[in-house]
Amino acid sequence: MLVEHMTWEEYRDEVARRIIILPVGSLEQHGPHLPLNVDVVIPTSLAKTVCEELDGMVLPPISYGYKAQGGGQLFPGTTSLDGTTLINLTLDILRETYRHGGRRFLVLNGHYENTAFVTEAVELFGRAVNDATVVILSWWDQVSDEMVDELFAEAGFPGWELEHAAVTETSLVQYFAPELVREDRILDDQSERMPKYSVFPPPDDTLPKSGVPYKATHASREKGEQLAKHVVDAIVQIARQEL
Ligand SMILES: [Zn+2]
């Protein structure tokens with residue numbers, strides 16, 4: 001199910017009948033306790049689990065994303081693409097996979113700022129072909145209100161825009177790739193102020209010093225497992241319905 005591990009003959013025989021999943025992430029700071037590729041680890045791990053429940057295959061992820069907003073760009077290691085680069089990269093991958101017979105696609109996004117550029121790539125793809133279906137989804141949009149209430153019973157839900165390197169992402173990495181989590185570096189943090197507008201370059205007091213804008217200490221492997229199962233179920237249902 002991992003395209004990068006298939007032979008060309010295996011790929012040839014499977015590509016037309018399977019749902020092709022393209023994880024899209026980023027290389028972005030995720031606090032002192034998580035690696036730079038969190039936004040790749042999460043959608044790729046979800047994609048692999050989804051493939052255990054339906055006939056899918058997972059393309060190598062897009063490991064870079066559009067520029068992190070809210071000051072993320074100022075942290076060493078956050079390495080981002082221009083919008084046009086992300087559009088063209090996504091479009092090339094869709095076109096090439098289509099050329100080999102792929103017709104049903106699921107773009108699984110792990111980094112908020114990618115959304116508009118991935119959508120633009122799919123729009124352009126749709127102008128060129130008329131017999132392919134593409135679903136674009138971000139994993140956090142598939143989390144029900146009830147699950148949010150449960151996961152944030154103690155911490156309180158700050159809104160998805162502040163849920164960066166905090167409860168959900170930390171919990172999911174603790175579940176999917178515990179060896180990547182620096183458990184002794186998990187912390188709660190916040191910025192001094194959170195304006196509802198953007199200033200370029202971002203003023204210092206609008207970024208949390210650690211890169212964690214909320215309470216990561218409320219994360220746990222158990223929450224990660226619960227959330228992963230919930231999101232996988234939702235994605236499987238969407239794929240069955242739309243693809
Ligand atoms: Zn992230």
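I started with strand S3 (residues 104-109), which pairs with S4 in the parallel sense over six bridges. For the record, pairing needs at least two bridges found by DSSP between two strands. Helices (H or I, at least four residues) and strands (E, at least two) are DSSP runs, numbered from the N terminus. I also noted that Phe105 stands opposite Val134 in S4.

This is a predicted model: local features need pLDDT of at least 70, side-chain atom pairs count only at pLDDT 80 or more, and totals for chains, interfaces and linings use all residues. Residues are numbered from 1 along each chain as its sequence is written.

Next I looked up the whole sheet. It is open, has four strands in the order S2-S1-S3-S4, and pairs in parallel. At the edges I found strand S2 (56-58) and strand S4 (133-138), each pairing on one side only. From one strand to the next, the twist averages 25 degrees.

Then I checked what packs on the sheet. Helix H7 (residues 221-242) does, touching strand S1 (19-24), S3 and S4, and its direction makes about 160 degrees with that of S4. Contact here means C-beta atoms, placed from the backbone, within 7 Å. Axes are lines fitted to C-alpha atoms, for helices over the stretch in contact, and angles run from 0 to 180 degrees between N-to-C directions.

Last, a helix pair: helix H2 (residues 38-53) and helix H6 (residues 167-176) pack at about 60 degrees, with axes 10 Å apart. On the H2 side, Val38, Val41, Ile42 and Ser45 make the contact; on the H6 side, Glu169, Leu172, Val173 and Phe176 do.

Notes
Two residues are in contact if their C-beta atoms, placed from the backbone, lie within 7 Å.
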